[in-house]
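Have a look at the structure first, then try each task before reading its solution.

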Amino acid sequence: MRETPLSIVGLAIVIFFTIVAIAAPVLAPPRPGRDPYMIPRYGYSPIPKPPSPEHPFGLTQGQYDLYYGVIWGTRAAYRIGVLIIAVSALIGIVIGGVAGYYGGIIDEVLMRATDIIFAFPGLILAMALVVAFGPGLDSVTLAMILVWWPGYARLIRGEFLRIKSEDFVEAAKAIGCSDLRVIVKHILPNAIYPLLIMASLDIGSVVLTVAALSFLGLGAPEGYADWGQLISLSRNWITGKPGDPFAYWYVYTIPGLFLFLFVMGWNLLGDALRDVMDPMIRRR
Amino acid sequence: MIPVLIGVTLLIFAITQLFDPYMRASLYIRDPRQAKNIEGIIRKYGLDQPMYIQYFRWLDQVLHGNLGWSQSIHMPVLDALLTHFPATAELALYAAPLTIFIGTVLGKLAAVKKDTAVDHVTRIMAIVGWSLPSFWLGIMLLAVFYGGLGIFSPGRLSTWAENLVLSGKFKVYTGLYTIDAILNLNGAVLLDALSHLVLPVTTLVIINMALLMRIMRSSMLEQLNKTYVIAARARGLKWKTVIDKHATRNALISVVTISGLLTAGMLSGMVITETVFEFKGIGYWAAHAATQLDIPAVLGFALFAGVVFVIANLIVDILYAYIDPRIRLG
Amino acid sequence: MRMEEILSPDEQLRVKDLIVRFYTYEGIVKAVEKAKLNLRRGETLGIVGETGSGKSVTALTILALTPPPGRVEGGSILFRRLNGSIDDILKLSEEQLIRLRGKEISMIFQEPNAALDPLYTVGDQVAEAILSHRLPEMLDRAIKSLREDVKNGNEGFSTRLQLWAYNEMKKNPDALKLRLVKRLPLIGRIISKKLNQVVREEIVELLRLMEIPDPERVVDSYPHELSGGMQQRIVIAIALACSPLLLLADEPTTSLDVTVQAQILDLIMRLKERFGTSIIYITHDMGVIAEISDRVAVMYAGNVVEVAPVKELFKNPLHPYTKALLEAIPRPGATFKSIPGTVPNLVNPPPGCRFHPRCPYAMPRCREEVPELKRISEEHYVACHLYGGEDRGKHSGGN
């Protein structure tokens, strides 16, 4: 395995964020009896307050604690990201698998469906769906799943088509294995690798799009620990104070930095995974 | 292409079905006064009829230009689209060619100088660009240049320029202020419009060139491994000639698709960038409409985006046939 | 020691102790290990071996085009130039090499479709070879033709412009002013007109020589519009366009239909007669070797294991591998005999003689010592511990 410095950086970043997400309740203890994902407020003034010992990253507009926000934001990002990808992948496996394995008219129909969804830029379709469902994170989750599953369906279908014609599948069918058995025991394990690569490369995009929707005001409500939401709160403060243009730097820099590093870490890792797994796939 | 277009309309229509008939009625009115007669509208467009009848009635309306009323900005959806499109087009006009150019040049460089410092640096640039949240990059750029240095403010024009444009003294030909400024021989407005384009275009280029760069790089690497490259060198051609004349041209073919999709993506509205920079294009309008739950606007916007994409795909296919003799001559 | 003494007067090329290694993720592939070859002027040397024997790599290395991640790690390739001097190809600069490639040494490839750029007409690609190396000659022809035009009363602006341009190009083809002028939209086209015409005539003649029917039409065709056989003729045309001293043929007929194979082989032999080119013909097909070669070199796993005149090799094969190759030729009536075992992994090749794991005559010595190519009889060399023979280096003449 060729370890490039970049993949190690990616791995380090991902490990860092994973630890932060898992340790959130310890790093930033939630208030008892309240939704831990709602950031505690320390007042109602719209003017942000700079970092201090009690609030290491300062308070953003509305006096929400930024440190708490970004820590639980990490957890929220994982929570929603993994959920979206897992469900999309599952739907994709089922639909793509059926299309790839049985072919014919089923394949045609399903592929047309994915074509249609692909005709829309992801963010725009998600926007339309969220507006239809009503704003909120649940709508965002549902909308994202509906937008994302075709990617996995296409991938799995491609893999099924490729593997279907390989010898060991013919052999399994020849000795009388049922279709389901062939799919689950023989084809699926081989098709999994590209899926894993795609999933790891996808987390970044999914979290980015969710953050974008929150930024636009369609996802997480104000006060929720969501990086996109926090960045949207920072918009009014980019000009700073007269005489001190960067007075409120912490408000826009910190949440964005967390989001950026999270996405970059996963992209680096996904890239490295692809480099490693590629020859393996080809040799198969 | 036609089936996909139909599919696009079907999908949008399917989304409309998520709403009750009263809300759907707003898709058919062109004038807020019509809102008073909701029952009449429901009957007129058959909103209580079975779905397939509704679909054709709706499609009929769409093809006649009636996309409903955008209540968030008080004008018919179609008009809103047309009014806001020039801003989006202007952004795309500068962002798309720059992105494509920089992306292909860097990608080619990275491939030719594979595994050297140049390759690694461009790779990092690509990963950073790909990972950057566009809204965060935009905000940071604004904070530094607008907040910190006081130049490059958001919006399309400074107040004075906007007043000039809206007055009768400035003739608006296209709606793209830079072009109109040239046509009006007005250097001041041209400069002002350009300075407002700098930051949004920079944001778009940084984020989008990443993908293009990587595709160009891998396409180039693929070509450099091909036999015809060795054969060309074996003929005694200089390495530079072989790269520029042969490998690059073949590599660009793969890049055409992604460039086309990129341009289409830009033309269908850059929701985030326009919002951050308050650049009043269709993306800005749609984002604003979404928060106001202005359904006809958002759906009209989505329909537009879908159609643009399908057409872009068609254009890309035609381009392919033009560039590649294997496709052209069959 | 002067270079002349290393290459005898009738020798065209000598490969000496060539070592080529590929640096891959899986390890260092020792593709060519101290290979020795020599080629006399006007002869056809056949190189036969299985895939992985290193024959293609050797051919590419003769043009200093070893594909990455390959690297030449040792040895020399001595070549007698057109002007009589002798150069070690591995020591030439890239600038010197471009003057060599396509002009003094050319190559034809296994898959003609892959060897041609799909985006340019075949005429364009043949023109590249001609314009790279025969530009002065073509310019002269163009100038002569223009002067004819002047005599016939045609002395317009375009004629004078072209005359000026071509005379300038003769003095310095890369001059800046020329490059700028050529870029101008209309002017550029006018300047190239006569030259293109002249080159096109030359190409059509060349294609006719390649026995391509309807060459006027073929010149403007794209590679994919032509059949495999036609494409290969084009590739050969490109290779022979500048009358090279040496033609490297890397399995040129392997991917063609059997009937077309025979035609192309025929063509190559006839062209060799006409141009007097020396040929190194690489193939794994013993039948083709028998037909086309004067002498044969057998390669196995990166080593040259036997060299002999073709009749001698078939009549009296010495190396166990050669024997096995000859026995493996399918014959009607005889049982199919294949060589047991597989080609060795070249990252970790077997110690000593690389063939010993598959050799029916293997001795303990074969596992320890790499056999050197030794002279057994007049012109017959073999690298095998079964044979004593005299050391190659000890003989004068013919070395």
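Predicted model: local features only at pLDDT ≥ 70, side-chain atom pairs only at ≥ 80, totals over all residues.

**Exercise 1. Find out how confident the predictor is in the complex and in chain C.**

Solution. Then turn to chain C, where the mean pLDDT is 85 and 95% of the residues reach 70 or more.

**Exercise 2. Describe the fold of chain B in terms of its elements, extent, burial and contacts.**

Solution. First count the elements: chain B has 16 helices and two strands. Next, take the extent along the principal axes, where the C-alpha atoms of chain B fill a box of roughly 80 × 50 × 35 Å. Of the 330 residues in chain B, 47% are buried, with 20 or more other C-beta atoms within 10 Å as the cut-off. Last, consider contacts in chain B between residues at least 6 apart in sequence: 70% of them join residues at least 24 apart.

**Exercise 3. Which elements of chain B touch chain A, and what kinds of residues line that side?**

Solution. Begin with the totals: 42 residues of chain B contact 38 residues of chain A. Now assign them to elements: in chain B, two or more residues each come from helices H1 (2–16), H6 (117–131), H7 (134–148), H13 (271–276), H14 (282–291) and H15 (295–323). Then sort this side of chain B by residue type, which gives 33 nonpolar, nine polar and no charged residues.

Notes: Residues numbered from 1 in each chain as written. Chains lettered and ligands numbered in written order. Contact = placed C-beta atoms within 7 Å. Helix = DSSP H or I, 4+ residues; strand = E, 2+ residues; numbered from the N terminus. Nonpolar A, V, L, I, M, F, W, Y, C, P; charged D, E, K, R; others polar. pLDDT = per-residue confidence, 0-100. Buried ≥ 20, exposed ≤ 12 C-beta atoms within 10 Å, placed from the backbone.
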